[in-house]
Amino acid sequence: MIHRKLLKVLRVPPGSKVDLDDFDPGLDIHPELRAIDKDDLKALASEKLRENVAELAEAQELLYASDTYSLLIVLQAMDAAGKDGTIKHVMSGVNPQACQVFAFKKPSDEELDHNFLWRYMRALPERGRIGIFNRSYYEDVLVVKVHPELLDRQKLPPGKRDKAFWEKRYDDINRFERHLVRNGTVILKFFLNVSKGEQKRRFLERLENPEKHWKFSAADLAERDHWDQYRRAFEDCFTATSTKWAPWHIIPADYKWAARALVSGVISRAIQDLDLRFPELTPERKKALAQARRKLAAE
Ligand code: ATP
Ligand code: MG
């Protein structure tokens, strides 16, 4: 099945050196896709999204009932890559009670008074729940690396902000994630890989369509000027932090329908791979249930 094969090629192998030029933001991500017409592919993708969303809803109920694992979904991307829409569509079947989304913006003064992982730690999902980070601690090795002056606000002890400094941050992140995984958090990281041309098209749409004006921010355009620096920061980050325990997935994001089908596929597979079962009742619990049944029947 092509969907399965695709899910595999999206994953960044731990220890590999990432070059984003090797990852097409469009549909050229697997030779078998070339033979399929784009409209057919679109229809297949929306069918797959529907299936994945239904599977995810079931898997999430098991996750909740077994109360052992939690799932942390990390989303990173350039602006207008479709993070919000992906969250909305992929999670559309999930029970809102068992799910939480945090969007991380520029850190507050209070947050800057703590270590860089602090604000994210406080937002982690508890067992049984799915937590989504719309931006995450990775901003601290992405936007902050592209704009090192942001480090001045972080009130760190003195020291060089050289290559070794960033290597240590990656190391902190890897160890932090390993700690979480060992304690039952499944971590899935996604980079929505939008091309510079498609970002321009989406920005223009925001500028031209009055209903989309609210989405446009001049700051996004300023970040676009740093496109190449961001690419390098992303590449270094994926090279250093795609681990066996918390892999990165590079999702082609020029076609929203493709991105949504693929992200939902990875998430649904990951929960199913946990092979969860509804909890077995103890003999006492079974007895209590039988009693309750008799009592109600006798009313
Ligand atoms: P949207 O534009 O769709 O509402 P967004 O995630 O782009 O979503 P914005 O408020 O536009 O939200 O941008 C948030 C900004 O905060 C981004 O530019 C991001 O890089 C920045 N940011 C997030 N985390 C950090 C951090 N730890 N340090 C500095 N800047 C950060
Ligand atoms: Mg924004």
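D275 lies in the loop between helix 11 and helix 12 (283-298). Helices (H or I, at least four residues) and strands (E, at least two) are DSSP runs, numbered from the N terminus. Phi of D275 is near 55°, a positive value in a residue other than glycine. Most residues other than glycine have a negative phi. D67 also has a positive phi, near 50°. This residue, D67, sits in the loop between helix 2 (38-66) and strand 1. With a relative accessible area of 46%, D67 is partly exposed. Here buried means under 20% relative accessible area, exposed over 50%, and partly exposed in between (1.4 Å probe, protein chains only).

The model is predicted, so local features need pLDDT of at least 70 and side-chain atom pairs count only at pLDDT 80 or more, while totals for chains, interfaces and linings use all residues. Residues are numbered from 1 along each chain as its sequence is written, chains are lettered from A and ligands numbered from 1 in the order in which they are written, and side-chain values use heavy atoms, with hydrogens and water left out.

The overall fold comes next. The protein has 12 helices and five strands. Its radius of gyration is 21 Å, close to the 19 Å that the globule rule gives for 299 residues, so the protein is as compact as a globular protein of that length. The radius is taken over C-alpha atoms, and the globule rule is 2.2 Å times the number of residues to the power 0.38. Along the principal axes, the C-alpha trace spans about 75 × 55 × 40 Å. Of the 299 residues, 46% are buried.

Pockets were then located. Rolling a probe the size of a water molecule over the atoms shows where empty space is left. A pocket is an open set of points on a 1 Å grid over the protein atoms alone, where a 1.4 Å probe fits, with protein on both sides within 12 Å along at least five of seven lines; lining residues have an atom within 4 Å of a point. Grid points are joined across faces, edges and corners, and a volume is the space filled by probe spheres set on the points.

The largest pocket has a volume of about 1400 Å³. Its lining holds 49 residues, and D79, K83, K105, R135 and D220 lie nearest the centre. Among the elements that each supply at least two lining residues are strand 1 (70-77), helix 3 (83-90), helix 8 (196-208) and helix 11 (256-273). The lining has 24 charged, 17 nonpolar and eight polar residues. In this count Ala, Val, Leu, Ile, Met, Phe, Trp, Tyr, Cys and Pro are nonpolar, Asp, Glu, Lys and Arg are charged, and the others, Gly among them, are polar.

The second largest pocket holds about 440 Å³ of space. It is lined by 18 residues, of which R11, V266, R269, A270 and D273 are the closest to its centre. Helix 1 (2-10), strand 4 (185-193) and helix 11 each give at least two residues to this lining. By class, the lining of the second largest pocket has 10 nonpolar, seven charged and one polar residue.

Aromatic contacts form a further theme. The structure holds 17 aromatic pairs. Rings of Phe, Tyr and Trp (its six-membered ring) pair if their centres lie within 6.5 Å; planes under 30 degrees apart count as stacked, over 60 as edge-to-face and the rest as tilted. The ring centres of F104 and F133 are 5.0 Å apart and the planes meet at 85°, so this pair is edge-to-face. F104 lies in the loop between strand 2 (99-103) and helix 4 (109-112), and F133 lies in strand 3 (residues 130-134), 29 residues apart. Both F104 and F133 are buried. The rings of F191 and F234 have centres 4.5 Å apart and planes at 40°, so they are tilted. F191 belongs to strand 4 and F234 to helix 10, 43 residues apart. F191 is buried at 3% relative accessible area, and F234 is buried at 3%.

F102 is found in strand 2. At 34% relative accessibility, F102 is partly exposed.

Charges also meet rings. A charge sits over a ring if NZ of Lys or CZ of Arg is within 6 Å of the ring centre and within 35 degrees of the ring normal. R169 lies over the face of F116, 4.3 Å from the ring centre. The charged end of R178 sits over the ring of W245, 5.3 Å from its centre.
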